[in-house]
Amino acid sequence: MSEFFSNPAVTWTLLTTGGILLVVIWVLLSLAFLLLADRKIWAGVQMRKGPNVVGPFGLLQSFADFFKFVLKEIIIPAGADKVVFILAPLLSLILAFVGWAAVPFAPGWVVSNINVGILYLLAMSSLGVYGIIMGGWASNSKYPFLGALRSAAQMVSYEVSIGLIIITVILLAGSMNLSTIVEAQSGWFWNWNVFGGGLKNIVLLPVMVIAMGMFYISALAETNRPPFDLPEAESELVAGYQVEYSSTPYLLFMVAEYSNIVLMCAMISVLFFGGWNPGFPIDFLKTWPTFWANLLLAIVFFAKICFWFFMIAMAKAIVPRYRYDQLMRLGWKVFLPTSLVLVALVAAWRVFGPGA
């Protein structure tokens, strides 16, 4: 037995599987309370109390909703393509979770520390649209199909600007590895990419602040969040691509959507706000045990995720919904040319600037 566990391949498999399980459990538990926070923030803006009955202060509301969805009967429309109908939410959920594999929570705390982590994340988020298209098409109804088409067009439109904005960060950090990008922002907060990546690049401050703002707005559109929730606009499409879904398949779509939202919050934190770096030198942590030092840095990272989730929740509560033509105009006529200009400015500074 000891020979079995001393085998490097077995050890690597067990450690990797354990890491994956930890990340999945952490994401699911975070989603439960962030979903509650979303509802509480929305209620607070409207001067309501929000969920406050199930558990102390309503803390168990998300778990009650979970059991309600799981215990309900799964109803599949008679004319639906049953295989694709069930496959769609499963695909959405899997693609939403595999993106977390490349996200670094603390130094060395990452499931897969790949050198092209940003490309991997872009690829996974791009594939997420397939689950939505499959769900809309398999329902065999015009309203879900229209919602799926809207969602596909919207997600593709804003992925273009997200990709170009990420190029500005790659130019500053000189790497596509997310851990390297975070390490490049260590030290004081002015080393964060949102401030240009250090005092030597302070001239890029307005460029990177605009890039960060555009990334935040594009993340709202990419995850179908208000004010860009056109794919599921209740007044026009009842509930968009998921109108025929109920019970567990609907729950899977919702978990996938919120997982993508939290992933975008993590991406903003990693790319622009230093990831696990608290904004001041952390040399004192060298005397700490590695686990406790990393745990503290992971808590810092989670705090940044929570802040950006709060910002996304406030956008839902405050900003009125866009019309579809306004959404497309913003994506193609404003964000695309602006992000191209931002890439050109950062590239020019990196090539011709004093620190080139």
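I started with the largest pocket, and its volume comes out at about 1200 Å³. Of the 41 residues lining this pocket, Leu-35, Phe-69, Tyr-250, Met-254 and Tyr-258 are the closest to its centre. Grid points are joined across faces, edges and corners, and the volume is the space filled by probe spheres set on them.

Before going on: this is a predicted model, where local features need pLDDT of at least 70 and side-chain atom pairs count only at pLDDT 80 or more, while totals for chains, interfaces and linings use all residues. Residues are numbered from 1 along each chain as its sequence is written, and side-chain values use heavy atoms, with hydrogens and water left out.

Which helices supply at least two residues each to the lining of the largest pocket? I found H2 (8–45), H3 (61–71) and H10 (247–272). Helices here are DSSP runs (H or I, at least four residues), numbered from the N terminus. By class, I get 23 nonpolar, 5 polar and 13 charged residues in that lining. Nonpolar covers Ala, Val, Leu, Ile, Met, Phe, Trp, Tyr, Cys and Pro; charged is Asp, Glu, Lys and Arg; the others, Gly among them, are polar.

The second largest pocket is about 510 Å³. I see 16 lining residues, with Leu-22, Val-23, Phe-105, Trp-109 and Ala-298 nearest the centre. H2 gives the most to this lining, 6 residues, and H11 (290–318) also supplies at least two. The lining has 13 nonpolar, 3 polar and no charged residues.

**Helix H8**

I checked the length of H8 (residues 205–222): its 18 residues should span 26 Å at 1.5 Å a residue, and the end C-alpha atoms are 25 Å apart, which agrees. The expected span is 1.5 Å times one less than the number of residues. Among its buried residues (under 20% relative accessible area, 1.4 Å probe, protein chains only) I noted Met-208, Phe-215, Tyr-216 and Glu-222. H5 (117–138), H6 (142–173), H10, H11 and H12 (324–352) are among what covers them. Just after H8, Asn-224 takes a positive phi of about 60°.

**Ser-30**

Is Ser-30 buried or exposed? I have it as buried, because its relative accessibility is 7%. Ser-30 lies in H2. Its C-alpha is 17 Å from that of Leu-297, 267 residues apart in sequence.

How values were computed:
1 Å grid on protein atoms, 1.4 Å probe; cavity = no way out; pocket = protein on both sides within 12 Å on 5 of 7 lines; lining within 4 Å. Buried < 20%, exposed > 50% of the residue type's maximum accessible area, 1.4 Å probe, protein only. Contact = heavy atoms within 4.5 Å.
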